[in-house]
Amino acid sequence: MIEMDEKTIREKIRAYITADFIRDPDYPLADEEGIITGGMMDSFALAELAVFVENAFNVYIPDPDLTVAKMDTLNQIVARVMRDMK
Amino acid sequence: MTFNLTLIAIFTVGGFIYSLILPKSWRKWTLFIASLLAVYALQPPLLIRDMDFILPTITIFVAVFVWIATLPRTDNRLRMTIQWRDLFTMAILILLITGLAMTRHLPSEWQLLTASRPPDPFTIFLALLPIALLIILLGGAQINQPRQRLALSFIILIIIGVFIILKTESFAIGLSGWLREQTGRDASLANPLTDLNWLGFSYVAFRLIHVLRDRQTGKLPDVSLRDMLTYIIFFPSLTAGPIDRIERFQEDLSALPDMNGRDPSRIVVGSTRIVIGIFKKFVIADSLALFSLSITNAEQATNAGGMWILLYAYAFRLFFDFSGYTDIAIGIGMLFGVQLPENFNRPYLKNSITAFWQAWHITLSNWVRFYIFSPLTRTMLRWKRKPSSDVIVGIGLVATMVIIGLWHGISLTFLVWGLWHATGLFIHKMWSDRTRKWYNQFKKKQGQLRLWNWAGIFITFHFVVMGWVWFALPDLNTVFSVLGKLAGVGF
Amino acid sequence: MWNWLINPKEPYTWVFFLRVVIKATLLFLLFNLLFAWLRPMDFISRLSLYNTVVVGRERLPYGENSAEAYTLTTDNIPAMFATHEINRAKAPDEYRVLLVGDSATWGFLLPAHQTLAQQLTDKNYLLADGRRVVAYTIAHPVMSLTKDLLLLDEAMRYQPDMVIWLVTLQSFSQNRQIGAPIIQNNPTRVRQLITDYELSLNPNDERFKSIISNMIIGNQRNLADWLRIQLYGFMWGATGIDHVVNEYTLRRNDFDDDVSWENFDAPQTISPDDLAFDVIRAGHQMVGGIPLIVVNEPMFIADGVNSDLHYNNFYPRWVYDEYRGLFTQVARTNDWRYCDLWDAMPRDSFTDSPVHMTPDATGELSRILGEMLTDYLDFGYLGRECD
């Protein structure tokens, strides 16, 4: 597992979200922008995001943490991943 | 017994005393003991001898067993982190239960704390101790670190098994018949409602599964036996929820010692919620109950207009009764310093079925999302040859809604009710996926948006109301005859 | 959703809490005083979902098992009438006939659409001037002429064209006059009748309920009945059920030799004052110009053991014969239109009591009444059935 810093994690997640959910790779997703509350992704997609995080960063986010309140902005998602990075 | 006015008055007065007079250090123990007493006092009387004393005791011992099983195993050797305070809690537990059994000798009108005359304390004391010790040995010694995950899954399966037996008509009748034979009663009168009405079991089962699953996924915080038990059987939410989460509940518990007892706002908000809840439940819901759909009046109805009124009355009665009860539970919880989560957020005014399920019985839909929908969809997403995401969401929705349906009772009508909502949710998901971009533009046009919103509310509300036909009636042909009558056919 | 409660403009204080409690109590007291002053009970009782949102009831609400029969027994008279189908404008071609009486006329053990009035209306009698006879039963299952008068007093508001008063000896007994809750719990109304019509009843009879207060608390029962009867209206509208007809045991046909009746323990001659004829007189005064026909309702005549001493379990023969003799004589001297149908129906017409009848028998009686009232209106006499 190559050592990843916060910046690369953020970019990988941003790219994944804009490509897979918003389906517009060059959408300017801001760090604090509400993705679910902004109507760009629905809460069903959180499961897909969690699996992506498992594969990309080997971080398991328990289901009760996959809520709109905790995973609505890029900052929240990145912080959560960083917290459990080995 | 459910919440009647005397019980609410007792809890409210208790809440005021607890807040204004009780020393702060007593608070956690008070909640623990009050909840322990409530498990016995709120248990409805049952026809099988001593059953209404045994069932609450089983609830408590299952909770103790789950606490022991979910203790963190520090390393391979069988050391577990049982501290002195937990043993002290167990001692209090056994003393309290035996003390309750002692009330057997009081004149019957004094036996207010138990559903009916408790069994002989001597046997209780003899029976109680071995069981308690057995649990500690079985629970503790057997489950060591590597096997904990497997053991917890096994316990979850047992709980689900018991749930299925209790909630399936034929099994439940068989069980109550067998129990009647053991206690020398007439087995032909076996009736689960009068024999096996286990107070709050459906809610306790879900809290237990939540705790077991969270230990498996490493999310369960360290919790003492006393706090775990208080969480599982917290008296305001014992009979019908809300289903709180243990880490949230623990935050409130740990904040109790320095909570300002004389803070007016907590008491004003708590009392207001209770008063509003009483009005919703005892005035609105009980009035609607006089003409809300039931198996008897469904067959008697002679015109479509009348049928629709009965159905609407049922829909609103269900809401006002349950949300009124929840307001009371939350209000009482507040008086005791515990902020129970909300269960309703104007569900009938939501403009989509997905939004409805985020506003109706919220704690239950959260529970099924965390412990059924999310894990199920994630496992499917991890498969090498995983099906399309629409199929995955579809399977996830069907599984989730069927389980919510069968949680109310394992019967065909509840199953169909679950499928009805699963279909609605699925169609809405497909629709919103394909119209997300269009909708984000459309949102800017205010006038049309309001109209669109009202149309959404109208459709969603009636979709839910039509669903209540399956939910309210126990057999399919009555359901079909009612659906016909609603359309003006079949009189 | 609870934002308004959780985040108030300024934080809650104990003063606020006390102020709310005090304000609530004051408001409650104010409401009660206002209620006692305005006495809106009758006005409120006459507000009704019936005949507007829901179709009117075909008879006054009465019944013990409310849950199954979707009805209730109440002493709130205006509320009862407001649920009745009579509480609607009279059609221009409608000749409105009121049927006053006890449980037999009310239709005990009969579904709503098979009552005496309903079957009479269904026969569509037409008068010479083209008007249709439409009958309404304002009967109530209590045997007391004073109760009949009490209900008739309220019914006169609904422009009846004719009143047919079906009576039987039981209702004439003096101690039954104030024997039922509906009379005892309406002291003001009954006392008003006693003074207006000089009835021989004692206005201070201790059975009258004392009026605790005219406040809301005092009227709690009437308010609750009024509200619940509206709610049951939806069930009536949806199902047409207002009475549960279940198994019953047939009226008795064999008797012992005890021939006492009410407080007469042995055969003797009876004077008009022993029976409540004065209430019938008051009824004639109450209806004013419109015709009132008094009918001695048919009853079961036993042929079993001791049937030579008893007509049925209500009446020893001696007292009933006295009653009939008296009735004919009093009717003639007061020039009442009186029709004696005591033996007009065969023995198998009766169900669980000597006066409750089967649907078919009720249909036959409605035919007799129909011909009686049309003969009277067209030719001025009551026809052969009556004399």
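Helices (H or I, at least four residues) and strands (E, at least two) are DSSP runs, numbered from the N terminus.

Conventions. This is a predicted model, in which local features need pLDDT of at least 70, side-chain atom pairs count only at pLDDT 80 or more, and totals for chains, interfaces and linings use all residues. Residues are numbered from 1 along each chain as its sequence is written, chains are lettered from A and ligands numbered from 1 in the order in which they are written, and side-chain values use heavy atoms, with hydrogens and water left out.

Entry 1, strand E3 of chain C. I looked up the bridge partner of C:Val97 in E3(C) and found C:Met162. Strand E1 (residues 94–100) of chain C runs parallel to E3(C), with four bridges. With strand E4 (residues 292–296) of chain C, E3(C) also pairs in the parallel sense, over five bridges. There C:Ile164 stands opposite C:Ile293.

Next I checked burial (buried is under 20% relative accessible area, exposed over 50%, partly exposed in between; 1.4 Å probe, protein chains only). E3(C), residues 162–167, is largely enclosed by the rest of the structure, because six of its six residues are buried. C:Met162, C:Ile164 and C:Leu166 point one way, C:Val163, C:Trp165 and C:Val167 the other, and all are buried.

C:Asn186 has a relative accessible area of 10%, so it is buried. I then listed contacts (heavy atoms within 4.5 Å). Leaving aside neighbours within four places in sequence, C:Asn186 touches C:Asp75, C:Ile77 and C:Leu150. Its side chain reaches the backbone oxygen of C:Ile182 at 2.7 Å.

I counted 30 residues of chain B in contact with 19 residues of chain C. I took buried area as the accessible area (1.4 Å probe) that two parts lose on being put together, summed over both. For this pair the value is about 2,200 Å², and carbon and sulfur atoms give 77% of that. I looked for salt bridges (a side-chain nitrogen of Lys or Arg within 4 Å of a carboxyl oxygen of Asp or Glu). Between chain B and chain C there are zero.

B:Phe291 counts as buried because its relative accessibility is 6%. Beyond neighbours within four places in sequence, B:Phe291 contacts B:Ile309, B:Leu310 and B:Ala313, plus C:Leu231, C:Phe234 and C:Met235.

The buried area is about 1,800 Å², with 55% from carbon and sulfur atoms. B:Phe370, B:Arg378 and B:Arg436 supply 31% of the area that chain B buries against chain A, more than any other three residues. I counted four salt bridges between these chains. One I looked up joins the side chains of B:Arg378 and A:Asp63 (2.9 Å, N to O).

Key: Pairing = 2+ DSSP bridges. Polar contact = N/O pair within 3.5 Å; in protein donor to acceptor, adjacent residues only side chain to side chain.
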